[in-house]
Amino acid sequence: MYQLDNVCFYYTKPILKNINLTIQKNTFYSIVGPNGAGKTTLLRLLAGLLKPKSGNIFLEKKPIFSYSKKQLATKVSLVSQEHIHFDYRVYEIVSLGRYPHKKRFSFSKRDYEKIDEAIKICGLEYLKNENILNLSSGEHQRVLIARSLAQDTPILLLDEAFSNLDLKYILSILDALMSLNKTIISVFHDIKLARLSDYIIFLKNAQIFKIIDKRQTLSSSFLEQFYDIDTSKLSNIGFSSILI
Amino acid sequence: MLIIFLSFAFFWSLGLGDVHISTKKITEIFGNQIFGTNYHISFTDRYVLLNIRLPRILNAMLVGASLSLCGAIFQAVLLNPLADSYTLGAAGGAAFGATLAFVLNIFYLSVFSISLFAFFGAILSLAIVLYVAGFKSNLSSINLIISGIIVATIFSSAIALLDYMASKDVSYIIFWLMGSFDASNWQNIRILAVTLGVVLFFAFFWADELDIISLNELSAQSLGVNVIKIRFTALILATLLTAVCVSSSGIIGFIGLIVPHIVRFMIGPKNRWLTIYSVLLGALLLLIADTFSRIFSFQVPIGVLTGLIGGPFFLYIYKIKVKKFVSTG
């Protein structure tokens, strides 16, 4: 799906250096790394919201900036965390996901189907007519995921989209996403959740530290090196099993 | 529903004033004008209705509609429920521009020169406000309103300075700035109607985009909305409409803030309907307010009236809404 060649990005200090990466179709990737490692920047580059300072990003073999904004929005969608200031209903927010597909003044039958499907996957039927400002943070987050599902794109980028969600919803939503044959790239703060993915991309100091697939185990020495921590201390307080 | 109220208020206010004109006479005068019928009408009644009252009423309705539409647009593209032409300082800047044109006797472009100067003033103050509030980094509600109020204060001092230095009689300017429809004329009404039409068309056409932008900039981009283009155009259009309103009837505060809130409360925040209903309700409210200010013997300037009613309403919204999202930015 994606091909990244020597992608660099910086503001004043480098955020990402010489990233080379191939993303395969219908695969679930997760990105983990310490704060400031460039995880969010990488996602925004993949979403076409930022331009690399050097290097190229190809989406389906074409440079990502050869797509128009609307075309891109039919291929890639991004879920991050956002605050909403106006009292939209849940259904209205989710239906905005149809924007790249819908006609200006009306919804098609397919639009309605996709909206309903997204609401169902995220378990929001009972909140459909609720005011978004009255939801809990987990419910709010599920609404944003549902909007991206309604956008109906083959690629889904998640920027800590599962934070505040109950495990029950994380698992059922991920299950549904995989069965819909989507390519998922998700930033996780929590490495436990990253273990659910096919590949984990470890980012550190603006570079790709390592990529492992789900059959590989994570040795404690690797994690010590990656996070600059002493895992023996963690195991004393019962943390090691959680990490690995 | 609103349309019925509006037409009812329209006829009701046509009859009221120092010269009372009955509904029967009103229909007869319109009959004569439009269908060429031949009812006998006194000259005074005809003159008062067509040359004084009708322009004033239309002006009040158009300004109420326009300011409410501006408020709805500003609130959507700046993601800020407290924004309107007044709180953003755009109205103050427009008043400064218009005063400048008036004091310096700039009338090269006849009636358009005042509107044009008002527009430049409004753009200037909006640009300063957005720059000071940190438009790029975050759109904090509080920052925006504080810088709006500061910029408006600076401009109002500058207007006072201009008035002071001007060699001619400025009492007219001072009264006009307090907001008044006394000087309503057909020329202004035409300019207002055309500008309002254009802006309303864009707001209606871009309603989906406005909805998406009003949520979050990042997700708007990822949904494929050209945020920069639409936000920029919408700001320019709303500022233009503000400038036209200010040049026709001075500063009328808070109506653009209140109306979209009431409409959101009634029908929800979807911009396709929010814009239309704001226009109707804004027209209705300002028409009623102006009729009251007209039939009182002491003629309160309309800007004073909306300030007295709208100010407390603003405080109320500030209290309940801002608390909710100040902490979250």
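1. Chain B has 14 helices and zero strands, where helices (H or I, at least four residues) and strands (E, at least two) are DSSP runs numbered from the N terminus. Read from the N terminus, the order of elements in chain B is α-α-α-α-α-α-α-α-α-α-α-α-α-α. The model is predicted: local features need pLDDT of at least 70 and side-chain atom pairs count only at pLDDT 80 or more, while totals for chains, interfaces and linings use all residues. Residues are numbered from 1 along each chain as its sequence is written, and chains are lettered from A and ligands numbered from 1 in the order in which they are written.

2. On overall dimensions, the radius of gyration of chain B is 20 Å, which agrees with the value near 20 Å for a compact globule of 329 residues. The radius is taken over C-alpha atoms, and the globule rule is 2.2 Å times the number of residues to the power 0.38. Along the principal axes, the C-alpha atoms of chain B fill a box of roughly 65 × 50 × 35 Å.

3. Helix 3 (residues 43-77) of chain B packs against helix 13 (residues 271-295) of chain B at about 140 degrees, with the axes 7 Å apart. Axes are lines fitted to C-alpha atoms, for helices over the stretch in contact, and angles run from 0 to 180 degrees between N-to-C directions. Helix 3 of chain B is therefore oblique to helix 13 of chain B; angles under 35 degrees count as roughly parallel, over 145 as roughly antiparallel, 65 to 115 as roughly perpendicular and the rest as oblique. The crossing of helix 3 of chain B past helix 13 of chain B is right-handed. A crossing is left-handed if the near helix is turned anticlockwise from the far one by less than a right angle, and right-handed if clockwise.

4. The residues that make this contact include Gly64(B), Leu67(B) and Ser68(B) from helix 3 of chain B, and Ser278(B), Gly282(B) and Asp290(B) from helix 13 of chain B. Two residues are in contact if their C-beta atoms, placed from the backbone, lie within 7 Å. By class, the contact of helix 3 with helix 13 of chain B has 16 nonpolar, six polar and one charged. Ala, Val, Leu, Ile, Met, Phe, Trp, Tyr, Cys and Pro count as nonpolar, Asp, Glu, Lys and Arg as charged, and the others, Gly among them, as polar.

5. Helix 13 of chain B also meets helix 12 (residues 255-267) of chain B, their axes coming within 9 Å and crossing at roughly 125 degrees. Helix 12 of chain B and helix 13 of chain B are therefore oblique to each other, and helix 12 of chain B passes helix 13 of chain B in a right-handed crossing. Among the residues that meet are Val259(B), Pro260(B) and Arg264(B) in helix 12 of chain B and Trp273(B), Tyr277(B) and Leu281(B) in helix 13 of chain B. The residues of this contact divide into 12 nonpolar, two polar and one charged.

6. Helix 4 (residues 90-103) of chain B and helix 11 (residues 227-249) of chain B pack at about 55 degrees, with their axes 9 Å apart. This pair is therefore oblique, and helix 4 of chain B passes helix 11 of chain B in a right-handed crossing. Helix 4 of chain B contributes Ala90(B), Ala91(B), Ala94(B), Ala95(B) and Ala98(B), while helix 11 of chain B contributes Thr239(B), Thr242(B), Ala243(B), Val246(B) and Ser247(B). The class counts for this contact are seven nonpolar, three polar and no charged residues.

7. Chain A has 10 helices and 10 strands. The radius of gyration of chain A is 19 Å, close to the 18 Å from the globule rule for 244 residues, so chain A is as compact as a globular protein of that length. Its C-alpha atoms fill a box of roughly 55 × 45 × 35 Å along the principal axes.

8. Chain A is assigned domain 1 (2-213) and domain 2 (219-244), with bounds from an automatic or database domain assignment. The centres of the two domains of chain A, taken over C-alpha atoms, are separated by 29 Å. Domain 1 of chain A gives six residues to the contact and domain 2 of chain A gives four residues. Helix 7 (191-194) and strand 9 (199-204) of chain A each supply at least two residues of the domain 1 side.

9. Between the chains, 24 residues of chain B are in contact with 22 residues of chain A. On the chain B side, helix 9 (207-213) and helix 10 (217-222) are the elements that give two or more residues. The largest share, four residues, comes from helix 10 of chain B. The side of chain B that touches chain A has nine nonpolar, 11 polar and four charged residues.
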